[in-house]
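Welcome, and take a moment to turn the model around before reading on. We will start with the overall picture and then visit a few places one by one.

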Amino acid sequence: MTGHTYRQLFRTPEFTPLFLSAAAQTAAGTVSGLALGTLVYRATDSPLLSAVSMFGPSLAQVLGATFFLSGADRLPPRSALTGLSLAFAAATAVLALPGLPVWGVFAVVLLQGLIASLGGGVRWGLLNEVLTKDGYLPGRSLFNMLSGLMQIIGFAAGGALVTVLSPRPVLLLAALLYTTAAVITRLGLTVRPPRACGRPSVAATRRTNAELWSSRSRRLTYLGLWLPNGLVVGCEALFVSYDPDAAGTLFACGALGMLVGDVTVGRLVPPALRTRLATPLLLLLATPYAFFALRPALRLAAVCAALASVGFGASLVQQERLMALTPSELSGHALGLHSAGMLTMQGVSAALAGAVAQLTSPATAMTVMALTSVAVTLTLKAAAGRADAEDEANDFGRVSG
């Protein structure tokens, strides 16, 4: 790895508190998602509703990206991150209320998605500001590694706690973790002004979205970040209905694979090779789930989940390209749009996978989602090849002229 070592990153002011608050928030989201999915599945016996309850907040991300995302660069980062964590803590505590009807659960889940739509842009825009330009990829790699580790711990511990206790006490634990994230953010980060002038507004959000989407290269990069990834998360959304007693194990193995992929791409792969790895990693991300048509036993299913999740390392390559294509003053908004679009697609895919599973079976639905992801990846690769060829032809024409 060039530029920064992981040790140097932790010597960078504000990196450590941002890292620790993200750790607490990721642990909270992992534990609460598993507890809520289990709670809804026990109440309804529905793969669709269970999948949507876990990934439903992502469905609301498209609304946040459309109306609120300009706040990613136009709000003070410390205040915004602290407020968002406290809002998540309150919403998660509401989900733990006894007697909350299923429609009430999904209303709170929708609210969480609206809140989360702003968080990614604020956090990753601040990370891009805290670190130097060549430090963003190793920094984001470390955050992804953290996410994988926290998911391993969270799903393993959450699965055990849900079994020993019940989902509602686990949701209260998640609310406490969100509160911890807010405290770390408030005490550990310094006051920084917004990166862009002006107030957050719907009009500003739409203008910047249109500017970011106007570039064909950025459009293809965004689609590559959103679609293959989201379709595979649809497979993961069916872990609870595929094996209710071992869902925590499958999620933990998937998180372990993601951790391995992020370490490999962010730390071990030379930059010259890294730029060519996006498509192979996306194909790896989907292919193992095609074998779920054979209804593998738990051990083989866990191996497939771990192997597939190594492919999530593709997002690091794609994010590096996105930052190279984006003006620095729009970095927070651009990364927020990536995060919101990715999570929206994950929510859509979770609902789609749940619907297919409702009509067929979880194993069949996972295979369908995996094969669709492979087809999308190959289509985007062909489109990127045509775009690169056109750019080369245009460049040659300008030189000749």
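A residue is called buried when its relative accessible area is under 20%, exposed when it is over 50%, and partly exposed in between, using a 1.4 Å probe and protein chains only. Arg274, for instance, is buried, with a relative accessible area of 6%. Before going further, please note that this is a predicted model, in which local features need pLDDT of at least 70 and side-chain atom pairs count only at pLDDT 80 or more, while totals for chains, interfaces and linings use all residues. Residues are numbered from 1 along each chain as its sequence is written, and side-chain values use heavy atoms, with hydrogens and water left out.

Let us look at the whole protein. Its secondary structure consists of 19 helices and 0 strands; helices (H or I, at least four residues) and strands (E, at least two) are DSSP runs, numbered from the N terminus. The C-alpha trace spans about 70 × 50 × 40 Å along its principal axes. For 401 residues, a compact globule would have a radius of gyration near 21 Å, and the protein agrees with its 20 Å. That radius is taken over C-alpha atoms, and the globule rule is 2.2 Å times the number of residues to the power 0.38. Of the 401 residues, 56% are buried. Contact means heavy atoms within 4.5 Å, and among contacts with a separation of 6 or more, 87% are between residues 24 or more positions apart.

Next come the salt bridges, each a side-chain nitrogen of Lys or Arg within 4 Å of a carboxyl oxygen of Asp or Glu. The structure holds 3 of these salt bridges. In one of them, the side chains of Arg192 and Glu14 meet at 2.7 Å, N to O. Arg192 lies in the loop between α9 (167-188) and α10 (202-213) and Glu14 in the loop between α1 (6-10) and α2 (15-44), so this pair ties together parts that are 178 residues apart in sequence. Glu14 is buried, at a relative accessible area of 11%.

Arg192 also forms a salt bridge with Glu129, with 3.2 Å between the closest N and O atoms. Because Glu129 lies in helix α7 (residues 102-130) and Arg192 in the loop between α9 and α10, the pair ties together parts 63 residues apart in sequence. Glu129 is partly exposed, at 31% relative accessibility. Together, Glu14, Glu129 and Arg192 are linked in a network of salt bridges.

Elsewhere, the side chains of Glu320 and Arg274 meet in a salt bridge at 3.2 Å, N to O. Glu320 lies in helix α17 (residues 314-324) and Arg274 in helix α14 (residues 271-274), so the pair ties together parts that are 46 residues apart in sequence. Glu320 is partly exposed, with a relative accessible area of 30%.

Finally, find Thr92 in helix α6 (residues 77-95). Is Thr92 buried or exposed? Thr92 is buried, with a relative accessible area of 0%. Its side chain reaches the backbone oxygen of Phe88 at 2.8 Å. Leaving aside residues up to four places away in sequence, Thr92 touches Ser32, Gln112, Leu171, Ala174, Ala175 and Tyr178.

Notes. A polar contact is a pair of N or O atoms within 3.5 Å; within protein, one must be able to donate a hydrogen and the other to accept it, and residues adjacent in sequence count only if both atoms are side-chain atoms.
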